[in-house]
Amino acid sequence: MKKIITLILALTMLLGATLTLASCNQGGEIYVQTNAYFAPFEYFDGTEIVGVDVEIMEKVGDKMGKDIVWTHGDFGIIIDTVAEGKTADCGAAGITITPERADKVDFSKPYYTSIQYVILPADSDVATKTAGGVTYVVWEALEGKTVATQTDTTGWIYADAEIDCEGGVLYGTENTKHEAVDSADVASESLGSTIDVIIVDQLPAQYIVENSSKDFVCYPLYYTGKDGEPDAAVEEQYAIAVTKGNTELLDAINEVLDELLVKDENGQTEIEKMVMAHMGMN
Amino acid sequence: MDFFKDIGVLVTNEKYMGMLFEGLGTTLLISVFAALLGLLIGTLVAIVGIAQDSPIMKLPKLICKIYVTIIRGTPMALQLFIMAYTIFAIRGFPKEITAIIAFGINSGAYVSENIRAGILSVDIGQTEAGRALGLNGRTTLIKIVIPQAIKNVIPAIGNELIALIKETSIVSMIGMYDLTQAAKIIGAGNNMASYVVPMTVAACFYLAIVYLLTFVIKIIERRLRASDKR
C-alpha cells in the first residue's frame, strides 16, 4: 500500500515539474489558432498542419524573427480565443470578414476572395441554371433538401439565415433541413444518403470533389436577382484575425500579404500560386 | 469488397499506421495517468466520505460531496472544454496535462463512489472484531477493511477504467492528436477521403486495449479470490 502511494505521489510530482517547466518558455513565439479541416488553406499532412495559411504565417514569423506555434481546435472557438488573446495571438483559418467578427478582433487585409459552393452527388435532382457560361445553383433549388454545413463557418451563417431564420429564402418551406456538422469532409461521407447538399467555400468544395472516391459535383451558390437583376454569387473575403491592439503583429501580417498579393507577369499572385500548389493543380 | 480492400490499404500503409500508433500513444498516456490520478483522488474522497462525523470533518465532507455532485452531474466533454479554454488557457501549456487533470478529476468522482461502496460492503462485524482485538480505528480500516474492500471494488474499478479509456476519445474536441483524431485526419479529403475505414481500424485498436485490460483485471481478480470458497 505504501509503495503504491509513494509511486502515485512521485508521478504527481513529475507531472507538476513538467507543468512548471512548460509554462516557462514564453516570449519568442506567435501562437496561431486554426481548424485544420479546411484544405487547401490548412489541413493535416500526417501530424503536421500544412496549407496556404501556414505558408503565409511562416513568412510573418520569418519577418518578425519568431517561431510559429499552431493550435488546432474547433472553428467556432477561433474568434473568441483570438479576442481573449490568452492562448493565441492570431487566427488563420480562411476566416471570412464579417461585421460581428470584426467587432471582436482586428482583421488583416483580405488575401483571398471566395464564393459559397454547393456539393451535390452527381445524380442529384437539384436544378442548376446557366448564365454567361457559368453553371450555378440558386437557393430556391435547395427547397426540400437536407443541407449540411460546418458549424460557425460562413456556409453555416448563410444557411442559418436562409433556412432557420424568419425572412430567409427557404424559411418555412417544407422538408428543408439544415444540419450542422463537424466538417464538410465528414459530411461528404453521408452525401447522397442522409445529406443532400453541402454548402462550403469554393476551394474546399473543389478539393473534396476532386479527392472523393464517390461521384460528386460542385457549383457556385447564387442568390436569385430581385426585380429582373441578374443572379449574384455569395461572395466573401478571407483575412487573418489578430487580437485587438496587437498592431506589431497586424502590421507584419499586412506587410507580408502586400508582398504576396503583387501580381507577376502572368497576372497571378503568390497566394494564388500557393493555392494551386496545395490543390495539386500546377 | 471495397471496404475490406480499403482496410488492407490502410493497414499496409506505413504513414497511416504510424499516425494511428502516435495517436494510440497519446490515448494511452492520458488514460494511464488519468487513471492513477483518479484512483488517488477517489480513494481520498471515499475515505473522507466514510469517516465518522465530527466537527473537524464537516468541511472536508462537504467539499467532497460538492465535488462528486458537480463532476458526476455535468458532461465530461464540457468539463474538458472548461479546463482547456478557461482554467488552463495558458500559452504553450501542454494539452496532455490539461487532459490528464480533467479526466483524472472526472474519474476520481466515480472511483470514490465505487470505493465507498466497496468499503461499506465489508461486514460491520469485521470492524467490530478488529476493535475487539484491540486495534485502533485506523489500523482496523487499513489492515482489515480495505484489503477486503479492494477485492469487492476491482470489478467496478475495472469498469470505470474501461469507460475512461474510451471516453478519452473526446480530446480530439480540443484539438489533441489522439487515436480518434488520427482516424479523422486519415479520413480527411487529402488522405483516404473516407471515414468509415480508419474509424473501423481505430475502433479495433480501442477494442484491443480494452480486451487486454479486461484480461489483466481478470487475473488480478482471480488471485485476490484464491482463498475464497465459492
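Modeller: Two residues count as in contact here if their C-beta atoms, placed from the backbone, lie within 7 Å. This is a predicted model.

Colleague: With neighbours within four places in sequence left aside, which residues is A:Ile119 in contact with?

Modeller: A:Ile119 is in contact with A:Ser188, A:Leu191, A:Ile198, A:Val200, A:Ala205, A:Ile208, A:Val209, A:Phe216 and A:Cys218. By the cut-off, each of these pairs therefore has its C-beta atoms within 7 Å.

Colleague: Which residues touch the most other members of the largest nonpolar core?

Modeller: They are A:Val118, A:Ile119 and A:Ile198, in a core of 126 residues. Helix α2 (residues 14-50) of chain B supplies the largest share of this core, twelve residues.

Colleague: Why is this core said to lie between domain 1 and domain 2 of chain A?

Modeller: Domain 1 (26-113 + 238-279) and domain 2 (114-235) both give residues to the core, so it lies between them.

Colleague: What makes strand β1 of chain A largely enclosed by the rest of the structure?

Modeller: A residue is buried if 20 or more other C-beta atoms lie within 10 Å of its own. Five of the six residues of β1(A) (residues 29-34) are buried, so the strand is largely enclosed.

Colleague: How do you know that β1(A) and strand β5 of chain A pair?

Modeller: Pairing requires at least two bridges. β1(A) and β5(A) (residues 67-72) have six, in the parallel sense, so they pair.

Colleague: Why is strand β13 of chain A called mostly covered?

Modeller: Five of the five residues of β13(A) (residues 197-201) are buried. Four bridges join β13(A) to strand β8 (residues 112-121) of chain A, and these two run antiparallel; A:Gln116 stands opposite A:Asp201.

Colleague: How many residues does each chain bring to the contact between chain A and chain B?

Modeller: Chain A brings 32 residues and chain B brings 26. α1(A) gives the most to chain A's side, with six residues.

Colleague: What classes of residue make up the side of chain A that touches chain B?

Modeller: That side has 14 nonpolar, 13 polar and five charged residues.

Conventions. Residues numbered from 1 in each chain as written. Chains lettered and ligands numbered in written order. Predicted model: local features only at pLDDT ≥ 70, side-chain atom pairs only at ≥ 80, totals over all residues. Core = buried A, V, L, I, M, F, W, Y, C linked by C-beta atoms within 7 Å. Buried ≥ 20, exposed ≤ 12 C-beta atoms within 10 Å, placed from the backbone. Domains from an automatic or database assignment. Nonpolar A, V, L, I, M, F, W, Y, C, P; charged D, E, K, R; others polar.
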